Amino acid sequence: MNRLRSAETVSVGRRALGLPRRGHPAADWAAYLEAARLMLVNESDGSCRQMAGAQRFRDFQLATGRPPTLDDLAYHATTLFPPVRPRGFMEIRYLDALGPVAWPVAVAVSYALIVDDEAAAAAAGDAMAVAGQWAEAARCGLAPPPIRRAAVAAFRAAVRALPRHGAPQSLIDQVTDYAVRFVEPGRSPAADLLLESR
């Protein structure tokens, strides 16, 4: 019962900003899937039924009158929109919302922190200090000092790691410039857009 209650409190809708954290990504993802509300269910005739109310995937049999299949689970996962979604690869959903200057930087930093154990370890301490603060980061950006420290540590670790993975100097320079211009001073790229519009 504690497991279900914990998953329910974190999964606050279909776009939850955090997953239940138990220390293992696969278990966290499974708990999130189980606690997330059902949106659509495929029927045997090929149609799709919209689910009303607050039925969770764990209530599938009660809601539909049949046990869920692996196809049902896979389809359910496609209707959820957390910031990072496993799909046989790691889909970082917010990267496609960035502009042409920022997205290569975001991809490079994400890549370095994922594939380089040394970089991940270097960034982990500051990152763990702000774990779960998605909403505050979305609302305040890098204004809170702990969030800024985590971002600076991540960028510094990534810049050190990128040469080890064959990144071209032009990309390393782009990441470094972005860190100096935006991350270290806690500025948002949106600030430049506001200045340009005046």
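A nonpolar core is a set of buried Ala, Val, Leu, Ile, Met, Phe, Trp, Tyr and Cys residues joined through side-chain atoms within 4.5 Å. Buried denotes a relative accessible area under 20%, exposed one over 50%, and partly exposed the range in between (1.4 Å probe, protein chains only). The model is predicted: local features require pLDDT of at least 70 and side-chain atom pairs count only at pLDDT 80 or more, whereas totals for chains, interfaces and linings use all residues. Residues are numbered from 1 along each chain as its sequence is written, and side-chain values use heavy atoms, with hydrogens and water left out.

**View 1. Overall arrangement of the protein.**
The protein contains 10 helices and 4 strands; helices (H or I, at least four residues) and strands (E, at least two) are DSSP runs numbered from the N terminus. In order from the N terminus, the elements are α-α-β-β-α-α-β-β-α-α-α-α-α-α. Of the 198 residues in the protein, 33% are buried. Contact is defined as heavy atoms within 4.5 Å. Among contacts between residues at least 6 apart in sequence, 46% join residues at least 24 apart.

**View 2. The largest nonpolar core.**
This core comprises 26 residues, of which Val105, Val109, Phe155, Leu162, Val175, Tyr178 and Val183 touch the most other members. At least two core residues are supplied by each of helix H5 (102–115), helix H6 (117–129), helix H8 (145–161) and helix H9 (169–183). H8 provides the largest share, 9 residues. Beyond its neighbours within four places in sequence, Phe155 contacts Val105, Val109, Val175, Tyr178, Ala179 and Val183.

**View 3. Aromatic pairs.**
The whole structure holds 4 aromatic pairs. Rings of Phe, Tyr and Trp (its six-membered ring) pair if their centres lie within 6.5 Å; planes under 30 degrees apart count as stacked, over 60 as edge-to-face and the rest as tilted. Trp29 and Tyr32 form a tilted pair, with 5.4 Å from centre to centre and 35 degrees between the planes. Because these residues are 3 apart in helix H2 (residues 25–35), about one helical turn separates Trp29 and Tyr32. Both Trp29 and Tyr32 are buried. The pair of Phe155 and Tyr178 is stacked, because the ring centres are 6.0 Å apart and the planes are at 15 degrees. This pair links distant parts of the chain, since Phe155 belongs to helix H8 and Tyr178 to helix H9, 23 residues apart. Phe155 counts as buried because its relative accessibility is 12%, and Tyr178 counts as buried because its relative accessibility is 16%. Ring pairs join Phe155, Tyr178 and Phe182 into a cluster.

The 15 residues of H9 should span 21 Å at 1.5 Å a residue, in agreement with the 20 Å between its end C-alpha atoms; the expected span of a helix is 1.5 Å times one less than its number of residues. The buried residues of H9 are Ile172, Val175, Tyr178, Ala179, Phe182 and Val183. Viewed down the axis of H9, these buried residues fall within an arc of 130 degrees and therefore line one face of the helix; the arc is that of the directions from the helix axis to the C-beta atoms. The buried residues of H9 pack against H5, H8 and helix H10 (189–197). Ser170, Asp177 and Val180 are exposed residues on the face of H9 turned away from its buried side.

Asp72 lies in helix H4 (residues 70–78) and counts as buried because its relative accessibility is 9%. A polar contact is a pair of N or O atoms within 3.5 Å; within protein, one must be able to donate a hydrogen and the other to accept it, and residues adjacent in sequence count only if both atoms are side-chain atoms. The side chain of Asp72 makes such a contact with the side chain of Arg66 at 2.6 Å. A polar atom of the Asp72 side chain also lies 2.8 Å from the backbone nitrogen of Thr69. Apart from residues up to four places away in sequence, Asp72 touches Asn42, Phe57, Phe60, Arg66 and Pro67.

**View 4. Surroundings of Asp116.**
Asp116 occupies the loop between H5 and H6 and is buried, with a relative accessible area of 5%. The Asp116 side chain makes a polar contact with the side chain of His165 (2.7 Å) and reaches the backbone nitrogen of Glu118 at 3.1 Å. With residues up to four places away in sequence excluded, Asp116 touches Ala161, Arg164 and His165.
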